[in-house]
Amino acid sequence: MAKLSTTPSIVGRNAEMALLRVAATRAMAGSAQLLLVTGDAGSGKTSLVEAALRSEELHLALHWGGVPEFGNGEFGAVKALLRQLRLDAPQVYEALQSNHAAMAALVPTAGAPRPKNLERGALFDEIEDILLSLARDRPAALIFDDLQAADHASIELLDRLVSRFGEQRILLVAILRTDDLERQHPMRRLRQQWRRNGRATEIELAPLDPDSAKALVQSRFGGQPAPDLADEMVRLTDGLPLYLEALADSLVARHALVSTPLGLAALGVLARSLPASLREAVLLKLGALAPDAQLLLERISVAGSCADLRLLPPDVTLRALDTLLESRWLIEVEPAGAAFRHALVREVVYGQIPWSRRCQWHREWAEALVKCGGPLEMIAEHWRAAHEDERARLALMALAGRACGLHAYSDASIAYRRALELWPANQAAADRLQTLYCLGDCAQLAGHADEAVQAWTELREHAERSASWPDVGRANRRLAVLWSLDGDWTRSIQAREAAAQAFMECGQPREAAADWCAAADQLNLGAHHARVLQLVERALPLACKTVDRELEVRLRSQRGRVLARMGRLADGLMDAQTAMDLVTQHQITSVAGIAFQRLADCHERAGDYARARRSFLSAVEQCAANGDTAQRDACKACVLSVLHQTGEWDLGKQLALEILSDSQSAPWAHSLASARHGYWQVMRGDVTVGRQALLDGLWNAHFLGFVGVETLALQGLAQADAFEGRTAAGVEHANSALDRWACGEERHNIVSIARSLSSLFGQWCHREGIARCAQSVSVAAAATGLPEALSGVAHVLGEQLLLDRRPADAAREFETALRLLDGLLVVPQRACTLVRLAEALSAAGDDFGASLRLREAVDLWQALGATPLLQAVTARLRIVAPAMLNAIDQRRENAGLTPRQVQILRQIAKGLTDKQIARTLSLSPRTVEMHVGRLLATLQCRSRAEAVRRAAELHLLA
């Protein structure tokens, strides 16, 4: 007679066993390994890992973190591993407990206080240190089983843990059931990520082939099966090991096998009615148990995959328990537990228990766990399964609070959501609102924006019905933040204004002013200046009334900036300066950087680039001194436009790269830095890299609704198209730039952009484009009346006249444009107009005048490092006045320095300062400073003294 096998059999898995052992060997040699073992339920994943790694020759310390299918809490996989460690290696566990505060948070002991205020990053780092330390003295395998049931915190921790792998003697095994894995399950994403980056070796267990399946049947029978019976069993089970074992065990348990000359065969009618599913096979085997053993097995299945036998009632007979252990329904688990050999078997047993008996036993398990202080997650699940909704809700609330305290926000939001589902109608409304707050906060911190929006929308609706205006205001604030993160600026601003109105309703003017201020800041990106001014003027009196100086500075400086951008320069400067005076008077260092930045912005709008530059760079230094890195990067981003105009592209590039390399930079600052850096790359000839940076800046700016950066990025793309001869694409990008500008109310930066675009349209013979540029600069000139804007009008008019074949008239307009730029630090604008003036003079027959202008343009483009434009101007000069190229040739002999730079270098050699050189050569100190910077870069010198030594070597000082 066949006898039931009591040990799991591993057949047909030689290749998989070899992979596991190779990985273990590499880990033992100091190369950390990640193994992902996947397959359908019942494919033998856990048995395979255990059989492969429990080999004595491997000398691996095995640490198991089995995830319970029933009642799993935050960091459940890690807690399970630590609890098992406490049993297997108590000395190691105690050492970890004394060295790591996180141990008390994960596995608290009786009487020990739970640590408070653990910062999220530090908590995760410490848990990672705990796990990695297990391989410090001896090679170790960390095995996390049933990850399809794992909590979010454990999965995130696994991802972080893998990123810290190095030359450590550690093998991490992740076992995952892949059938019916939810589409949004975090392990699905992590599995794909590990596949993409090549971190994991995946062992996917397929069903057994027919020969291996028959070998497994033979091992379970303890003898050779008859061919017909073996074939039928393989057909029914499709080679799934667990089903094969259950089917074989059910036949053995019912004594349904008989020996024949061909092998073991099923008796009589049983041969024609084998169980057609795993469930039927398990139930047939269950039917062979004695009634007391059946009831005990059902009661244990209610506890989950593993049960603490000490919690069973005293009427349980040892005989029934021994029967279940001997027949391999259960296996012993230290210290006093019993577990099903596979979760699927437990599911089958649990599923056939009558509803009333199931509820009763869940209630009994919950009460027993409460008495002994058992796991809160298990208590919550048992009350819920027993339909004790109020007790389940309270347990879930406590569970959510604990998870939140450990920064396991995804798991906390799940618990809060389940608690809300059990909330009694019309009971404890205030508590329910607070729970919605908690759910929304946890969902947002976990990155589940949709769930957070749903929670806060529901909270707002409840608060509005009860006229609880503070709650309405706070809910709208949270919605505003979420919608802004999602790029939905319209809804975000509407929510901010609704929050302000709610706070006004409940007599909290300071809170209302803060929300109107935040809405104004958001509208500023879209250049909606009229609405910004309206909100600021609504909020400013409230800030003054409540004596909130910090908020008053924010609002006054905001009003100053928006007035300057609307063309009311005197009023804007006055407001911005008043804000700075408040900062100085009351020592409000927290907003000093903002006040500096906005004052500098006003100077920029007034065309005073030198003062704007000083103010912006002062703001950068002050923010750095105050430790305000966010505002420091904001000031760096804002100064980039000024540095572009003053010709300090190298310094601008340095600041842009600092912003781009800082992951903490504000998205709008990152967008501006990317677009500006891309524009400079294009202008200096690296079109491919520049185009990608421009596209990145454009995409981010579009998401943020940052109209100014969109316009800049599109202008840069048009210039890139011009360099590559892509006229149609260039015209489209240029027109798109003007379209985006028209969406806002910006009245300053468009001048330099329209000047550049009008010259591109002129080269492309595109009259409509020039006309659009003329309209844009006319609007700016009418608003500000600044020389820079008037110069832009003259330049665009010159392009129109040049295209109309009126070169003499065009030259006069370009001359006017240049004259209006005198005294302004606008290097690229001046260079652009010089080139177009030369084109007009040449067309009018004045080649000598054209050559003079071209030579001046050569100096400027060379100083800026704009290689493509420098080459184009040089080629044009070769046509117009070849004799002028002698100066260029002389420059080459001067190691790349211009005659002016050689002249300045000789003055430096005499020991003169920049101011003294400026007076000697009748130049501005700023021009001297720019030339000094360029000559140092050209000579590849770090100091003036080094440059003088280099000049002497090149015989440039004679």
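Predicted model: local features only at pLDDT ≥ 70, side-chain atom pairs only at ≥ 80, totals over all residues.
Strand 1 (residues 33–39) and strand 4 (residues 170–177) run in the parallel sense and are joined over 7 bridges.

**The parallel sheet**

- Within the pairing of strand 1 and strand 4, glycine 39 has arginine 177 of strand 4 as its bridge partner.
- In general terms, the strands of a sheet pair through backbone hydrogen bonds, and the pairing may be parallel or antiparallel.

- An open sheet of 3 strands has the order 8-10-9, and its pairing is antiparallel.
- Its edge strands are strand 8 (306–308) and strand 9 (330–333), each of which pairs on one side only.
- On average, neighbouring strands of this sheet are turned by 30° against each other, when direction is ignored.
- Strand 8 and strand 10 (residues 337–340) run antiparallel and are joined by 3 bridges.
- In this region, cysteine 306 stands opposite alanine 339 of strand 10.

**The hairpin**

- Strand 6 (residues 257–260) and strand 7 (residues 263–266) run antiparallel, with 4 bridges between them.
- How many residues lie between strand 6 and strand 7 in the hairpin? The hairpin has 2 residues between these strands.
- Leucine 257 stands opposite alanine 266 in strand 7.

**Helix 30 and helix 32**

- Two packed helices are described by the angle between their axes and by the distance between the axes.
- Helix 30 (residues 629–646) and helix 32 (residues 667–683) pack at an angle of about 30°, and their axes are 9 Å apart.
- Because angles under 35 degrees count as roughly parallel, helix 30 is roughly parallel to helix 32.
- The crossing in which helix 30 passes helix 32 is left-handed.
- Helix 30 contributes Asp633, Ala634, Ala637, Cys638, Leu640, Ser641 and His644 to the contact, while helix 32 contributes Trp668, Ala669, Leu672, Ala673, Arg676, Tyr679 and Trp680.
- The residues of this contact between helix 30 and helix 32 divide into 10 nonpolar, 2 polar and 2 charged.

**Helix 33 and helix 34**

- The axes of helix 33 (residues 687–704) and helix 34 (residues 707–723) cross at roughly 155° and come within 9 Å.
- Why are helix 33 and helix 34 described as roughly antiparallel? Angles over 145 degrees count as roughly antiparallel, and therefore the crossing at roughly 155° places helix 33 and helix 34 in that class.
- Helix 33 and helix 34 have a left-handed crossing.
- From helix 33, the contact includes Val687, Arg691, Leu694 and Leu695, among others; from helix 34, the residues in contact include Val709, Glu710, Ala713 and Leu714.
- The contact of helix 33 with helix 34 is made up of 11 nonpolar, 3 polar and 3 charged residues.

**Individual residues**

- Serine 842 is located in helix 40 (residues 827–843).
- Serine 842 counts as buried because its relative accessibility is 16%, and buried means under 20%.
- Leaving aside neighbours within four places in sequence, serine 842 is in contact with Asp847, Ala850, Arg876 and Val880.
- Threonine 913 is in the loop between helix 44 (899–909) and helix 45 (914–921).
- With 41% relative accessibility, threonine 913 counts as partly exposed.
- The C-alpha atoms of threonine 913 and isoleucine 155 are separated by 63 Å, and these residues are 758 residues apart along the chain.
- Arginine 614 lies in helix 29 (residues 609–626), and at 47% relative accessibility arginine 614 counts as partly exposed.
- Arginine 614 and glutamine 454 are 160 residues apart along the chain, and their C-alpha atoms are separated by 47 Å.

Key:
Residues numbered from 1 in each chain as written. Heavy atoms only, no water. Pairing = 2+ DSSP bridges. Axes fitted to C-alpha atoms, helices over the stretch in contact; angles between N-to-C directions. Parallel < 35°, antiparallel > 145°, perpendicular 65-115°, else oblique. Left-handed = near helix turned anticlockwise from the far one by under 90°. Contact = heavy atoms within 4.5 Å. Nonpolar A, V, L, I, M, F, W, Y, C, P; charged D, E, K, R; others polar. Buried < 20%, exposed > 50% of the residue type's maximum accessible area, 1.4 Å probe, protein only.
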